[in-house]
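Please keep the sequence and the model in view while reading.

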Amino acid sequence: MMMSRLTGLLCLVLALMLPAMARAGCTGTASQNALNIQPKVPVFDPAAADGTVLWSSGLLNSSVSTAVTCSDGYGTVVETGVGTYNSTYQTFSTNVPGIGVRLQDINKTPLPVNISSWASLTNLAGGTVAPFYVQIVKTGPVTAGGSISGNIVKFLAQNGTYPMMYVYFTGPIIINPTIPTCAVTNPQITVPLGSVAASSLASAPQSSFNIGLNCSGGASGVTASVYTTLTDQSNPGNVSNTLSLTSASTARGVGIQIQNGPNVISYGPDSKTIGNTNQWLAGQTGNGSFTIPLTARYVQTATSITPGTANGIATFTIGYQ
């Protein structure tokens, strides 16, 4: 009798292990599938009610494939979003606070949904289409804009336990609440650097100056990120951190460095496009005045120095997000 009990217990243990063995039939790494689209979310009032749909796509037909294979079939595949799910608005969180992504299948059923039509498939080749809709939804306070990129949709085989593929947009989703825009209050700035002995360049004093902005037009409580690029007017292709002397300067072996706090600024093209070469974040501002504090000083650029006049001209370009 005792042997019969042991046999029954052993069979029970094997039965409980079988599902785990079936899940182990999937191998491979989840693939990344690109969808050639860049949503154009219009500028919106951040005071809009939570739940407001800021942008809706048409039906997006994403062609998908995956390197994941499952010897016993994919089973139930869960199609879902990336990020934390918000059941109130049926959205998935993004890196922009207060903004969520709502995903719907071809029947406009909010994700996550289960796909049973792939259950018996052991592999998924190119040409398979996964249609879905996307909405950008305000889910909470929005105090600044931002950019959403990366994976949007994911597919998980074996009842959501094995990642098989992801879908991402080729262009970022730009979020633009009504932010302040700014005007420069001192578009021409002269910075005297004084006379410095060649032997004292290493300890040359710094001269302080400010770029002043007056910002308006933003919604209450919303800030804009202020990005700045300095461009070397004498050598527009200069991307180093030393400003060239003008052609009329008679000194040699000398350049000019500009700093924002402890950071020495490098130069870049004359462009306000966010992400411009050597563009830097000056800070964030709401409506009102905003000041960008800077300092400038002479630096030695060659072994020998020829005394004379040493002037440089830099232009500055401001971009907002």
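In strand β21, G283 is the bridge partner of V226. Strands are DSSP runs (E, at least two residues) numbered from the N terminus. The model is predicted, so local features need pLDDT of at least 70 and side-chain atom pairs count only at pLDDT 80 or more, whereas totals for chains, interfaces and linings use all residues. Residues are numbered from 1 along each chain as its sequence is written, and side-chain values use heavy atoms, with hydrogens and water left out.

Strand β18, residues 224-232, pairs with β21 in the antiparallel sense over 5 bridges; two strands count as paired if DSSP finds at least two bridges between them. Both belong to an open sheet of 3 strands in the order β21-β18-β23, with antiparallel pairing. Its edge strands, β21 (280-285) and β23 (314-320), each pair on one side only.

UniProt, in an unreviewed entry, lists residues 178-321 as "domain: Fimbrial-type adhesion"; its positions follow the numbering used here, feature names are shortened, and annotations may be inferred rather than shown by experiment. This span is 0% helix (H or I runs of at least four residues) and 40% strand, and its end C-alpha atoms lie 10 Å apart.

A nonpolar core is a set of buried Ala, Val, Leu, Ile, Met, Phe, Trp, Tyr and Cys residues joined through side-chain atoms within 4.5 Å, where buried means under 20% relative accessible area (1.4 Å probe, protein chains only). In the largest such core, of 38 residues, I136, F155 and M164 touch the most other members. Strand β11 gives the most to this core, with 5 residues. Apart from it lies another core, of 25 residues, including I211 and F290.

Conventions. Buried means under 20% relative accessible area, exposed over 50%, partly exposed in between (1.4 Å probe, protein chains only).
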